[in-house]
Amino acid sequence: MAPSGPGSARRRCRRALYWIPVLFISLLLGWSYYAYAVQLCIVSMENIGEQVVCLIAYHLLFAMFVWSYWKTILTLPMNPSKEFHLSYAEKELLEREPRGEAHQEVLRRAAKDLPIYTRTMSGAIRYCDRCQLIKPDRCHHCSVCDKCILKMDHHCPWVNNCVGFSNYKFFLLFLAYSLLYCLFIAATDLQYFIKFWTNGLPDTQAKFHIMFLFFAAAMFSVSLSSLFGYHCWLVSKNKSTLEAFRSPVFRHGTDKNGFSLGFSKNMRQVFGDEKKYWLLPIFSSLGDGCSFPTCLVNQDPEQPSTPAGLNSSSKNSENHQFPAKPLRESQSHLLTDSQSWTEGSTSLGKGNAGMSNPALTMENET
């Protein structure tokens with residue numbers, strides 16, 4: 001039986017406190033249902049047709065809001081696969097080596113067959129001491145969850161969960177449906193809110209529910225619209241919140257648009273190829289969260305394409321030192337529509353047969 005003490009009791013209390021924001025949202029949502037469906041639609045609306053239309057539309061938005069919200073909460077964030085974890089021998093070797101070049105040499109050997117292209121600010125392999133693994137691209141350690149999260153965006157207290165690769169689509173839909181929910185309530189409640197101030201409503205408890213319902217819906221609409229707009233911009237640029245504040249670092253240096261593939265493909269990376277699933281909180285994102293196509297590995301489709309040839313490919317090789325590690329199938333097919341890996345660079349690559357990752361090989365040589 002696991003020992004229990006003050007430390008474990010504090011952890012349990014802390015975990016319980018993390019659910020307070022979720023409880024607040026749930027209670028607020030429950031009250032809004034009662035205020036709108038009962039006090040506004042059933043008690044205050046006199047037109048039967050208006051009642052029916054408002055109740056149907058309201059319940060549709062309410063169902064999608066609740067579904068996407070709890071899907072964001074209950075979907076566990078994905079962690080790096082076993083191939084990114086160090087073996088027992090590598091861990092022992094790493095512990096014996098002091099911090100510095102020898103330490104990095106161990107990590108470079110462990111990472112030579114992994115699909116990683118990003119580095120630390122100093123150009124070193126991204127390694128998590130806490131989890132004892134080599135971080136995949138776009139992966140970060142969450143101090144609240146105490147785990148490395150694939151394509152981590154942020155830890156959200158309102159869902160008591162990390163928002164990352166596994167639930168980012170659900171989080172976006174949660175923002176979208178909660179915004180629509182608030183806008184719909186504010187729009188349909190407006191005329192009754194005006195009647196409240198002109199004494200056009202009967203003197204019952206319904207009038208106070210109608211007043212506070214409009215205030216709450218209007219207030220949340222403003223905050224949600226800015227947050228949803230910001231995340232739409234992030235999706236269009238293929239960035240996470242963390243990457244917007246600190247641009248990813250590649251072998252050649254920092255590049256704020258390193259993962260952008262163009263608006264259409266950026267959207268498909270989050271929402272998937274089948275548009276029938278885009279508006280539903282069903283997982284349809286592309287890839288496995290461990291590797292991502294990048295405009296530094298493949299030509300950026302937003303830039304004008306250049307004819308395939310030795311000169312252009314040689315120039316690109318000097319500027320970017322392209323890694324040759326193949327992308328996962330579910331991600332790499334995003335790039336099949338655009339020109340990539342020109343014939344000249346392919347012929348140059350034949351001379352480097354046997355190099356798993358030229359970028360890492362160049363680091364070893366230098």
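Me: Which residues does UniProt list under "transmembrane region"?

Reply: The unreviewed UniProt entry lists residues 16–36, 48–70, 170–188 and 208–230 under that name, and the structure shown here, on which the rest of this conversation draws, is a predicted model.

Me: What makes up the span of residues 48–70, helix or strand?

Reply: In the model, residues 48–70 are 100% helix and 0% strand, and the C-alpha atoms at the ends of this span lie 33 Å apart.

Me: Why is the contact of Arg108 and Glu105 called a salt bridge?

Reply: The cut-off asks for a side-chain nitrogen of Lys or Arg within 4 Å of a carboxyl oxygen of Asp or Glu, and because the N to O distance for Arg108 and Glu105 is 3.1 Å, the pair meets that rule. As a general point, side chains of opposite charge can pair when their charged atoms come close.

Me: What separates Arg108 and Glu105 along helix 5?

Reply: They are 3 residues apart in helix 5, which covers residues 101–111, and this amounts to a separation of about one helical turn.

Me: Why is Arg108 called buried, while Glu105 is called partly exposed?

Reply: Buried means under 20% relative accessible area, and Arg108, at 7%, is therefore buried. Glu105 has a value of 25%, which lies between the cut-offs of 20% and 50%, so Glu105 counts as partly exposed.

Me: How do you know that Arg109 also forms a salt bridge with Glu105?

Reply: The closest N and O atoms of Arg109 and Glu105 are 3.8 Å apart, which is within 4 Å, so the pair qualifies as a salt bridge. Arg109 and Glu105 are 4 residues apart in helix 5, again about one helical turn, and Arg109 is partly exposed, with a relative accessible area of 44%.

Me: Which residues are linked in a network of salt bridges?

Reply: The network links Glu101, Glu105, Arg108 and Arg109.

Me: What makes Lys276 exposed, and what is its salt-bridge partner?

Reply: Lys276 has a relative accessibility of 58%, and because exposed means over 50%, Lys276 counts as exposed. Its partner is Glu274, with the closest N and O atoms 3.6 Å apart, and Glu274 is partly exposed at 43% relative accessible area.

Me: How many salt bridges does the rule give?

Reply: By this rule, the count comes to 8 salt bridges.

Key:
Residues are numbered from 1 along each chain as its sequence is written. This is a predicted model: local features need pLDDT of at least 70, side-chain atom pairs count only at pLDDT 80 or more; totals for chains, interfaces and linings use all residues. Side-chain values use heavy atoms; hydrogens and water are left out. UniProt positions are given in the numbering used here, feature names are shortened, and annotations may be inferred rather than shown by experiment. Helices (H or I, at least four residues) and strands (E, at least two) are DSSP runs, numbered from the N terminus. Buried means under 20% relative accessible area, exposed over 50%, partly exposed in between (1.4 Å probe, protein chains only).
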